[in-house]
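Hi everyone, thanks for coming. Let me put the structure up on the screen, and then we can walk through a few spots together.

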Amino acid sequence: MGKFLTRERFGEPQVLAGFLLLAFLAQCGWLLVRGTQPLEIESSQLFCVVEGLQQWNGQSVAGTPSVERLEAGTPTPPEITQDEGYDPNHSPLWYLLSSLPLLGWTGTADAGSFHYWGWLARAPVLILGVLLGASLWYVARRLYGNAGGYIALALYCFSPLILRSSTLYSAPPEMSAAWGAFGTIFTAIAVAHTLYAPREVVVWNWRRILLLGLSLALAIGSQFSLSILIPISLGFMLYLAPTRQRAALAIWIAACGVAFLLLLASYLFRPSLLGQGMRHAIFFGITWQAFLVPATYVRLLAQIGRSGPALLVAIPVALITYFVWRRTRYFGNTAPLMIAILFLLFSLGTPHYPGFGFQLMAVPFLFVFVAGIAADLLETQYRDLVMACIWGLLIANALWNLAELAQVGRPV
């Protein structure tokens, strides 16, 4: 224990980050207490929990056709009904995670008891929200130092979109996909950076192989369209390790094998059922006509504002700085910007589901990008001015968010 609790592993930066995450949890708790009402249950959430519990009990495989679904009488989402009983967007892993805390629930899963079991159903999403925040801080701190880590985490902890998604407050359960996507990209980058160490890379990287495989399984299992991360992660690894491409390819194949086994396990190791699920899955559901509708861009701008008012100021400033100042155009800033733009384009092209999910996945990468540019500006001769602007922006963003939270649950 003494070896673990060293200043390098656990010191002032970790304590401050912990306080920010506690503030995040406090806001989530407030939102749950003031925003959760018994009659606010959505049929899609009830369906998700019931499907997951049926698989945990060995009755059926979630998201696939089953007699138990008919007997339960739970309203089935139309996209599943239209796709021969298969969920075209999620694997059983998504259902299993959503229903995990309710394994010991002895009450009923009806609207009247939702005020009680609804809290349990939200627990996995809340935990994933905290883990994503911790991962965001870790990555930003490693890339940009303590200042970058604090800025990214402060934006995250006071983001209305993140708070809503972490409590399922008028938001679908997409946090598992967001954490999986974030973990896939930055684990792939981390693995590539370790390939120059004078060791047997495949064996030495077994922990990162497992982490990359878990991230891929979590992302793709929560949203099939995130299979796009498979070639993207390989591309980053090959780019960052041009002289060790065979080792990078071997690690990537091993991680994909881990992800495949985890997804197969969610189908109870039934390859035929996995094959049917993949046959009905939607991997690329972009509607190209959506890019020609001006209202789509207005919607995207409004959604970015809901992700945090500070972004409406920080993103234009960060983009201008990035394109004007050559020093900021390095991989650590470029990679999160590229992924954020990619997810925002997917959000534009999928105005319905899973558009909201792509927008949520883009936000952590935007936070990392903004934090990186801010950290670069803090190293200039205008450090004091930049510091004052950053403090003002973060405080204003937090106060605005807290003011909005204070209005939750009040009668109109």
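Where does S225 lie? S225 sits in the loop between α10 and α11, the latter covering 229–240. Before I go on, a word on the model: it is predicted, with local features needing pLDDT of at least 70 and side-chain atom pairs counting only at pLDDT 80 or more, while totals for chains, interfaces and linings use all residues. Residues are numbered from 1 along each chain as its sequence is written, and side-chain values use heavy atoms, with hydrogens and water left out. Helices are DSSP runs of H or I with at least four residues, numbered from the N terminus.

Back to our serine. S225 counts as buried because its relative accessibility is 8% (buried is under 20% relative accessible area, exposed over 50%, partly exposed in between, with a 1.4 Å probe and protein chains only). The S225 side chain also makes a polar contact with the side chain of Q223, at 2.9 Å (a pair of N or O atoms within 3.5 Å, where one must be able to donate a hydrogen and the other to accept it; residues adjacent in sequence count only if both atoms are side-chain atoms).

Now the helices on either side of that loop. The axes of α10 (residues 206–222) and α12 (residues 245–266) come within 7 Å and cross at roughly 50 degrees; axes are lines fitted to C-alpha atoms over the stretch in contact, and angles run from 0 to 180 degrees between N-to-C directions. That makes α10 oblique to α12 (under 35 degrees is roughly parallel, over 145 roughly antiparallel, 65 to 115 roughly perpendicular, and the rest oblique).

Next, α11 with α16 (residues 331–349): their axes come within 13 Å and cross at roughly 165 degrees. That makes α11 roughly antiparallel to α16. The contact includes F236 and Y239 of α11, and I339 and F343 of α16.

Last stop, the loop between α12 and α13 (271–280), where we find L268. F269 lies in that loop too. Most residues other than glycine have a negative phi. Phi of L268, though, is near 60 degrees, a positive value, and phi of F269 is near 55 degrees, also positive. At 42% relative accessibility, L268 counts as partly exposed, whereas F269, at 54%, counts as exposed.

Definitions and conventions. Helices (H or I, at least four residues) and strands (E, at least two) are DSSP runs, numbered from the N terminus. Contact means heavy atoms within 4.5 Å.
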